[in-house]
Amino acid sequence: VLEELCNVDEERYEAYPQNVEIKNSLAISYQYLGNTYLDLGKLQNAREAYEEMSKLFETLHEAHPQNV
């Protein structure tokens with residue numbers, strides 16, 4: 001289910017890459033996905049999800065340092 005949520009958020013992000021709320025939502029989805037993979041012992045998948053989350057939060061912080 002979380003993978004599907006990430007896919008939906010990715011599609012929304014691709015359609016509206018400048019939308020801060022969508023980008024933040026996608027980052028949070030990757031965080032939840034990473035947490036789930038970690039709980040399941042799928043460490044490589046967790047790392048990949050956390051890396052995607054980190055990239056998104058980094059770009060959000062660069063664009064909006066006062067809010068992130």
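A: **Helix α2 and its neighbours**

In α2, the buried residues are I22, K23, L26, A27, S29, Y30, L33, G34 and Y37. Here, buried means under 20% relative accessible area, exposed means over 50%, and partly exposed lies in between, with a 1.4 Å probe and protein chains only. Viewed along the axis of α2, these buried residues fall within an arc of 160 degrees, so they line one face of the helix. The arc is that of the directions from the helix axis to the C-beta atoms. The face turned away from the buried side carries the exposed residues E21 and D39.

The model is a predicted one, in which local features need pLDDT of at least 70 and side-chain atom pairs count only at pLDDT 80 or more, while totals for chains, interfaces and linings use all residues. Residues are numbered from 1 along each chain as its sequence is written, and side-chain values use heavy atoms, with hydrogens and water left out. Helices (H or I, at least four residues) and strands (E, at least two) are DSSP runs numbered from the N terminus.

The length of α2 may be considered next. The expected span of a helix is 1.5 Å times one less than its number of residues. The 20 residues of α2 should therefore span 28 Å, and the end C-alpha atoms are 29 Å apart, which agrees.

A27, in helix α2, is buried, with a relative accessible area of 0%. Contact means heavy atoms within 4.5 Å. Leaving aside neighbours within four places in sequence, A27 is in contact with M53, L56 and F57. Q31, also in α2, is partly exposed, with a relative accessible area of 30%. With neighbours within four places again set aside, Q31 is in contact with Y50 and M53. Q31 and Y50 are 19 residues apart along the chain, and their C-alpha atoms are separated by 5.9 Å.

The buried residues of α2 pack against α1 and α3. Axes are lines fitted to C-alpha atoms, for helices over the stretch in contact, and angles run from 0 to 180 degrees between N-to-C directions. Angles under 35 degrees count as roughly parallel, over 145 as roughly antiparallel, 65 to 115 as roughly perpendicular and the rest as oblique.

α1 and α2 pack at an angle of about 160 degrees, with their axes 9 Å apart. This angle makes α1 roughly antiparallel to α2. The contact between them includes L2, L5 and Y13 of α1, together with I22, L26 and L33 among the residues of α2.

For α2 and α3, the angle is about 160 degrees and the axes are 8 Å apart. α2 is thus roughly antiparallel to α3.

Helix α3 (residues 43-63) has the buried residues A46, A49, M53, L56 and L60. They cover an arc of only 100 degrees around the axis, which puts them on the same side of α3. On the other side of α3, L43, R47, K55 and E62 are exposed. The buried residues of α3 pack against α1 (2-15) and α2 (20-39).
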